[in-house]
Amino acid sequence: MRLKDKVALITGGSSGIGRETALLFAQEGAAVVVADINEAAKETVKLIEKQGGKAAYIRTDVSKASDCENMVAFAEQTFGKLNIIFNNAGIMHSDDDNAITTEESVWDLTMNINVKGVFFGCKYAIPALRRAGGGSIINTASFVALLGAATPQIAYTASKGAVLSMSRELAVIHARENIRVNALCPGPLRTELLMKFLNTEEKKQRRLVHIPMGRFGEAKEMAFAALYLASDESSYVTGTEFLVDGGITAAYVTPE
Ligand code: NAD
């Protein structure tokens, strides 16, 4: 088992990438704390327990400092330590558009969850990782941190750029404490988050045309990448923009 005796905290574990990763980490031997604003995350815990794993849920709004402090304390109290944090919770607001039409409130909400949430996750998890002798931090950025998106989403794009640059700095600062920090950059996925945003066939095709593989990715495919970054197999990997994107960032023109 690749995460035997590890304790992992995953934010945004009620659906999509977070749920798939929680299930996979538990199968690989980790005890998993699922932190989410949505109580549907309890279902993730049930699924893990059903497959014989260990998990616990804590209601968390990652945009609130006290909630993030609590989720880390809860992980240490429940399972004795913290080795891995996957700061994965994020939103893509349906009114997030171009710079002219996007409201300030949409910008603020997106930044509070997507950027401040990752900052708070790191702020409170790093002392716990130190107590455990080191660990792995994985922050979910996106391919839009590297490329301009064809469908405008100005706040989301800016937020993921911030996650990527924040992850790099954290990696450099904490490298000598045996704490690795990587940004997972998924391509477009067939999860609820993106499908709600690309809500017409035309919008879906507009995005698909850029992906060499010609399909959306699956949450499970991100979970496997997160597993590698969480495990000791990636012991020399830090500060990366870890792309799992169906080739989207490699393409200039995609094949027919
Ligand atoms: P999802 O909507 O299925 O999952 C997002 C999770 O975050 C949900 O469980 C939700 O309840 C939780 N969440 C939202 N606000 C929260 C808050 N304030 N506090 C705590 N939890 C909160 O979407 P997903 O596709 O699995 O997205 C996971 C991450 O991957 C996000 O950061 C997203 O930006 C990123 N991402 C997704 C795609 C994609 O195409 N789906 C591409 C690149 C990056």
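Which elements each supply at least two residues of the lining of the largest pocket? In this predicted model, they are H1, strand E2 (31-36), H5 and H6.

**View 1. The largest pocket and its lining.** This pocket holds about 960 Å³ of space. Its lining counts 42 residues, and Ser15, Ala89, Gly90, Ile91 and Leu193 are the ones closest to the pocket centre. Sorted by class, the lining has 19 nonpolar, 17 polar and 6 charged residues.

**View 2. The ligand in its pocket.** Here's where the ligand sits: in the largest pocket. A shell of 28 residues goes around the ligand, with Ser15, Asp36, Tyr156, Leu189 and Thr191 coming nearest. Helix H1 (16-27), helix H5 (154-174) and helix H6 (192-197) each put at least two residues into that shell. Its make-up by class is 13 nonpolar, 12 polar and 3 charged.

View 3. Zooming in on Ser15, an N or O atom of its side chain is 2.7 Å from an oxygen atom of the ligand. With Asn88 it's the backbone that takes part: one of its N or O atoms lies 2.8 Å from a ligand oxygen atom. Gly16 also uses a backbone N or O atom, at 3.5 Å from an oxygen atom of the ligand. As for cover, the ligand taken alone exposes 830 Å², and the protein buries 94% of that.

How values were computed: Residues numbered from 1 in each chain as written. Predicted model: local features only at pLDDT ≥ 70, side-chain atom pairs only at ≥ 80, totals over all residues. Heavy atoms only, no water. Near = heavy atom within 4 Å. Polar contact = N/O pair within 3.5 Å; in protein donor to acceptor, adjacent residues only side chain to side chain. Areas by Shrake-Rupley, 256 points an atom, 1.4 Å probe, with all protein chains shown as cover. 1 Å grid on protein atoms, 1.4 Å probe; cavity = no way out; pocket = protein on both sides within 12 Å on 5 of 7 lines; lining within 4 Å. Sits in = over half its atoms within 2 Å of the grid points. Helix = DSSP H or I, 4+ residues; strand = E, 2+ residues; numbered from the N terminus. Nonpolar A, V, L, I, M, F, W, Y, C, P; charged D, E, K, R; others polar. Points joined across faces, edges and corners; volume = space filled by probe spheres on them.
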